[in-house]
Amino acid sequence: MNLEEEAELRRKLIAIAKKCLQHKLMSVTWGNLSVRLGDDRVIITPSGVEKTALKPEDLLIVDLDGNVVKGRFRPSIETLMHVRIYRERPDVNAVIHTHSHYAMALAAMGIPIPVLTVEFAAAVGHEIPVTRFVMPGSAELAEEVAKALGKDKLVVLIRNHGVVAVGKEIEEAYHVAVLTEEEARTYFWVKLLGKEESSRIPQDKVKIIRSLFKEKYGQKERKAILDLGES
């Protein structure tokens, strides 16, 4: 991957980081994002730096063991989690860890999020599992998240900690993170109204909706599903 392609990935990651703040998926310095760079490198956000202040040169490059290859800051405390996902999921090229409000509430209670809406069935297509509680920044957390994601899931909840969303590109991972918070909010109100069981979409219908989305939704050449502008 050449320097021009690397620069574009850095630009996209920062644009998405700012959108995460705008949509209240993250607060100030909390949360982290990364993208795959070639076969054995990852671009990742630094630890403890406010996302609105990020510049392309502030992002770090680490290898798939989490060692810093390039950058002047310390990488995210969850670097081990990011690289573990990339090692085990060759289909994943972007990872976003958020702390959105409704999803965080359900993560704190250890409650999986079922499929309730057509949008979520189409774009994600599975119930969101919850890991057990593990210490942040640990190899144990990395293992738990990778295990919960398995071979094909796009999002999991970390118990008492938040959301991890993945995708084939940073735009998809962001889309999944946004829809996860919307699905969590819907589930919160459904539970409050006492209509939980009757609101779930049957799994056989979820599979059909997901298949239709993959085959027919959007444009023929769909490289980006979201506007990456800052406004």
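The lining of the second largest pocket splits into five nonpolar residues, nine polar residues and one charged residue. The model is a predicted one.

Next, helix packing. Two packed helices are described by the angle between their axes and the distance between those axes. Here the pair is α1, residues 3-22, and α6, residues 170-193. Their axes come within 10 Å and cross at roughly 10 degrees. Angles under 35 degrees count as roughly parallel, so α1 and α6 are roughly parallel to each other.

| Helix | Residues in the contact |
|---|---|
| α1 (residues 3-22) | Lys12, Ile16, Lys19, Cys20 |
| α6 (residues 170-193) | Ile170, Glu171, Tyr174 |

By class, the contact of α1 with α6 holds four nonpolar residues, three charged residues and no polar ones.

How many aromatic pairs does the whole structure hold? A search finds two. One of them joins Tyr102 and Phe188, with 5.3 Å from centre to centre. The ring planes stand 70 degrees apart. Planes over 60 degrees apart count as edge-to-face, so the pair of Tyr102 and Phe188 is edge-to-face.

Notes:
Residues are numbered from 1 along each chain as its sequence is written. This is a predicted model: local features need pLDDT of at least 70, side-chain atom pairs count only at pLDDT 80 or more; totals for chains, interfaces and linings use all residues. Side-chain values use heavy atoms; hydrogens and water are left out. Ala, Val, Leu, Ile, Met, Phe, Trp, Tyr, Cys and Pro count as nonpolar, Asp, Glu, Lys and Arg as charged, and the others, Gly among them, as polar. Axes are lines fitted to C-alpha atoms, for helices over the stretch in contact, and angles run from 0 to 180 degrees between N-to-C directions. Helices (H or I, at least four residues) and strands (E, at least two) are DSSP runs, numbered from the N terminus. Angles under 35 degrees count as roughly parallel, over 145 as roughly antiparallel, 65 to 115 as roughly perpendicular and the rest as oblique. Contact means heavy atoms within 4.5 Å. Rings of Phe, Tyr and Trp (its six-membered ring) pair if their centres lie within 6.5 Å; planes under 30 degrees apart count as stacked, over 60 as edge-to-face and the rest as tilted.
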